[in-house]
Amino acid sequence: MQEVLESLAPAPGSFQIDATVGGGGHSRPILEATSPSGRLLGLDADAAAIARTRDRLASYGNRLTLRQANFEELAEVADQAGFDPADGILFDLGLSSYQLADDARAFSFRASGPLDMRFDTGRGVPAATLINELDEDALTDLFKRLGEEPQARRIARAIVARRGREPITTGQQLADVVAAAAPAPPRGRRRVHPATRVFQALRIAVNRELETLPVALAAAVQILRENGRLAVISYHSLEDRIVKRFIAAERRGCICPPEAPICVCGRQPRLALVGPQPRRPSDAEVARNPRSRSALLRAARKLAA
Ligand SMILES: C[S@@+](CC[C@H](N)C(=O)[O-])C[C@H]1O[C@@H](n2cnc3c(N)ncnc32)[C@H](O)[C@@H]1O
């Protein structure tokens, strides 16, 4: 939280966007820092998160605008809500603790509810459709690419064999199949559940996480006013790589091939780094909130056009 506030530096009266408002844990201190007249636009793909945060942050009245939307629609949503330009934009990627605990969508391998995993249950297809319909090669590819799972083929084969007897419909059923196909190594070598990477891969695929992020980052740079701040927290290497490369390209500006003798693209740098990159949570924060242990924060400032 402290690092996010330092990165965004939200001034009183400024216009801020929280593109992943979740339970409003970051939005509230940002609203406090922009008091008395600053405004915040909060987006979340998850209707339940928007409803909960509308209740929780009701005391901020018309300083807070909430929209249920995927952040790939950031350009239109910000424009319609009067937040273009904005002074700061935050992305806190991935899923919230509420979602992890939501048995009805089975983000967790302990869930007995239907294998869904969509942030927005009104769009796309649930994870159960992928698990029960993709062939062995496609499942292997999915677990390898999006979960970096070394036993992807064995797990895919076990899933195909199991669903031949009965469909896999719950988080717990999938976790059991994965654990039987790729058991955790002896104690001490790996502390995570054997199904962790498979669940991550499914969640990324179902929510198109690696496709929506570059669209949203490009919109964010466009929306920020001069000296406006961008802060992004990611939780796994695939999304952090996208953020890192995006910021690097915007710092460089020119996209001409290295062998070109002079620049012909004419693109100017649009971002400069803010603070050390990436920033990680302090030991004290990890002790308080173990889920923060994989968080990486990257922050940048918009340069003059
Ligand atoms: C880590 S949580 C955010 C927690 C929040 N910062 C807080 O303090 O309560 C991530 C949130 O982003 C939302 N989300 C993930 N991808 C999204 C997307 N493409 N568009 C909009 N919301 C998204 C999820 O539904 C989830 O509520």
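**Notes on the predicted model**

1. Let's start in strand S5, where asparagine 227 sits. Keep in mind throughout that this is a predicted model. Asparagine 227 is not a glycine, yet its phi is positive, at about 75°.

2. Which residues does glutamate 226 touch, leaving aside its neighbours within four places in sequence? The contacts are Lys302 and Ala304. Isoleucine 204 is another matter: 22 residues separate it from glutamate 226 along the chain, and their C-alpha atoms are 33 Å apart.

3. Serine 14 is buried, since 21 other C-beta atoms lie within 10 Å and the cut-off for buried is 20 or more. Threonine 34 is 20 residues away from serine 14 in sequence, but the C-alpha to C-alpha distance is 5.9 Å. Beyond the neighbours within four places in sequence, serine 14 is in contact with Thr34, Gly38, Asp87 and Gly88.

4. The loop between helix H1 (2-8) and strand S1 (15-18) also holds alanine 9. Here is a second residue other than glycine with a positive phi, this time near 45°. Alanine 9 is partly exposed, having 17 other C-beta atoms within 10 Å.

5. Have a look at the two cis peptide bonds. One joins serine 35 and proline 36, with omega about 5°. Proline 36 has its place in the loop between helix H2 (27-33) and strand S2 (39-44). The other runs from glutamine 277 to proline 278, with omega near -15°. Proline 278 belongs to the loop between S6 and helix H13 (283-288).

6. On the overall layout, the chain is divided into domain 1 (2-98 + 209-302) and domain 2 (121-206). Taken over C-alpha atoms, the centres of domain 1 and domain 2 are separated by 30 Å. Five residues from domain 1 and four residues from domain 2 make the contact. On the side of domain 1 that touches domain 2, the residues split into three nonpolar, one polar and one charged.

7. Helix H10 (residues 196-206) deserves a close look. Ten of its eleven residues are buried, so H10 is largely enclosed by the rest of the structure. The buried set is Arg197, Val198, Phe199, Gln200, Ala201, Leu202, Arg203, Ile204, Ala205 and Val206. What do the buried residues of H10 pack against? Their partners are helix H6 (127-133), helix H7 (136-147), helix H8 (152-165), helix H9 (171-181) and H11. H10 is followed by arginine 208, with a positive phi near 50°.

8. Now for helix H12 (residues 237-252), which has 16 residues. From its first C-alpha to its last it reaches 22 Å, close to the 22 Å expected at 1.5 Å a residue. The buried residues of H12 are Glu239, Asp240, Val243, Phe246, Ile247 and Glu250. Why are they on the same side of H12? Because they cover an arc of only 130° around the axis. As a reminder, an α-helix has 3.6 residues a turn, so residues three or four places apart point the same way.

9. The other side of H12 carries the exposed residues Ser237, Arg241, Arg245 and Ala248. The buried residues of H12, in turn, pack against helix H11 (209-223), strand S5 (224-234), strand S6 (271-273) and strand S7 (296-302). After H12 comes glycine 253, whose phi is positive, near 80°.

10. Last, the ligand. Which of the 20 residues around the ligand come nearest? They are Thr20, Gly22, Gly23, Gly25 and Asp92. The shell around the ligand is made up of six nonpolar, eleven polar and three charged residues.

Technical notes:
Residues numbered from 1 in each chain as written. Predicted model: local features only at pLDDT ≥ 70, side-chain atom pairs only at ≥ 80, totals over all residues. Near = placed C-beta within 6 Å. Nonpolar A, V, L, I, M, F, W, Y, C, P; charged D, E, K, R; others polar. Domains from an automatic or database assignment. Contact = placed C-beta atoms within 7 Å. Helix = DSSP H or I, 4+ residues; strand = E, 2+ residues; numbered from the N terminus. Expected span 1.5 Å × (residues − 1). Buried ≥ 20, exposed ≤ 12 C-beta atoms within 10 Å, placed from the backbone. Arc of directions from axis to C-beta.
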